[in-house]
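Please read this report with the sequence and the model side by side. Each section takes up one part of the chain.

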Amino acid sequence: MSLGGSVKIFLDTANLREIEEAASWGVLSGVTTNPSLMAREEGADFQETIQAITRLVDGPISAETVSEDADGMVKEGKTYAAWHPNVIVKVPATLEGLKAVARLKDEGIRTNVTLCFNANQALLAARAGAFVVSPFVGRLDDISESGIELIQEIADVFAMDREIETQILAASIRHPRHILEVAKAGADIATCPFKVLVQSMKHPLTDKGIDMFLDDWRRREAVQVASAGTS
Ligand code: G3P
């Protein structure tokens with residue numbers, strides 16, 4: 001059940017340098033990957049990449065299946081889950097995906113139901129036993145629907161149902177404001193591209209303030225050196 005207001009930060013990438021850097025900031029609770037993100041890492045082996053991520057971040061690491069039928073998803077899911085206990089098997093929000101969720105849950109394997117664009121998909125995924133559901137905020141905004149309203153609706157529906165333990169993982173985060181909006185709407189997790197986390201810590205007044213403090217400090221030191229020379 002989502003209680004809201006306590007959002008965890010995941011990184012949405014398969015790039016090991018980005019993961020290592022973001023992990024060093026002390027804010028990462030997990031990582032999500034998908035076939036498109038893997039395709040950006042030319043020449044990288046999927047299993048090696050996922051296992052390398054598990055060594056960098058101690059939290060849920062999503063690895064996505066590419067089969068279109070439940071049998072294939074379950075087979076892939078069992079393979080991925082054997083790589084490391086933190087691996088979460090990503091399946092699409094389809095009827096075949098639901099079957100795979102239920103079967104993988106029976107095997108003790110956690111799932112992330114991805115490509116979720118309405119609250120019914122999220123509700124059925126939760127009923128089937130998904131560990132997390134991934135509503136895609138930015139892609140809904142792209143077609144003039146509200147990704148944030150979807151997070152809110154799922155959070156409301158999950159909060160009314162004591163049996164649901166499925167977490168809401170807000171995906172397709174496009175800018176820093178999205179992180180705060182999904183947190184306020186009740187998401188448990190926001191999975192963010194590296195550049196959005198970098199942007200999140202940027203403010204011109206922070207940079208300007210650092211410059212002013214350093215200038216004042218140097219001026220103070222120069223005055224001290226000058227007065228030591230005259231005494
Ligand atoms: O990992 C799934 C999701 O976060 C993808 O985001 O930017 O491709 O819509 P995007």
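## A buried threonine

The side chain of Thr 166 reaches the backbone oxygen of Ala 130 at 2.8 Å. This is a predicted model. Thr 166 sits in the loop between α8 (147-159) and β7 (167-170).

Is Thr 166 buried or exposed? Its relative accessible area is 4%, and the cut-off for buried is under 20%, so Thr 166 counts as buried.

## Helix α4

Helix α4 covers residues 70-81, which makes 12 residues. At 1.5 Å a residue, α4 should span 16 Å.

Which residues of α4 are buried? They are Ala 70, Gly 72, Met 73, Val 74, Glu 76, Gly 77 and Tyr 80. An α-helix has 3.6 residues a turn, so residues three or four places apart point the same way.

## The cavity

Rolling a probe the size of a water molecule over the atoms shows where empty space is left. A search of the whole structure finds 1 cavity of 30 Å³ or more. The volume of the largest cavity is about 30 Å³.

What lines the largest cavity? The lining consists of Phe 10, Pro 60, Ser 62, Ile 88, Phe 131, Val 132, Leu 169 and Ile 189. By class, 7 of these residues are nonpolar and 1 is polar, while no charged residues take part.

Terms used:
Residues are numbered from 1 along each chain as its sequence is written. This is a predicted model: local features need pLDDT of at least 70, side-chain atom pairs count only at pLDDT 80 or more; totals for chains, interfaces and linings use all residues. Side-chain values use heavy atoms; hydrogens and water are left out. Helices (H or I, at least four residues) and strands (E, at least two) are DSSP runs, numbered from the N terminus. The expected span of a helix is 1.5 Å times one less than its number of residues. Buried means under 20% relative accessible area, exposed over 50%, partly exposed in between (1.4 Å probe, protein chains only). A polar contact is a pair of N or O atoms within 3.5 Å; within protein, one must be able to donate a hydrogen and the other to accept it, and residues adjacent in sequence count only if both atoms are side-chain atoms. On a 1 Å grid over the protein atoms alone, a cavity is a set of points where a 1.4 Å probe fits but cannot get out, and a pocket is an open set with protein on both sides within 12 Å along at least five of seven lines; lining residues have an atom within 4 Å of a point. Grid points are joined across faces, edges and corners, and a volume is the space filled by probe spheres set on the points. Ala, Val, Leu, Ile, Met, Phe, Trp, Tyr, Cys and Pro count as nonpolar, Asp, Glu, Lys and Arg as charged, and the others, Gly among them, as polar.
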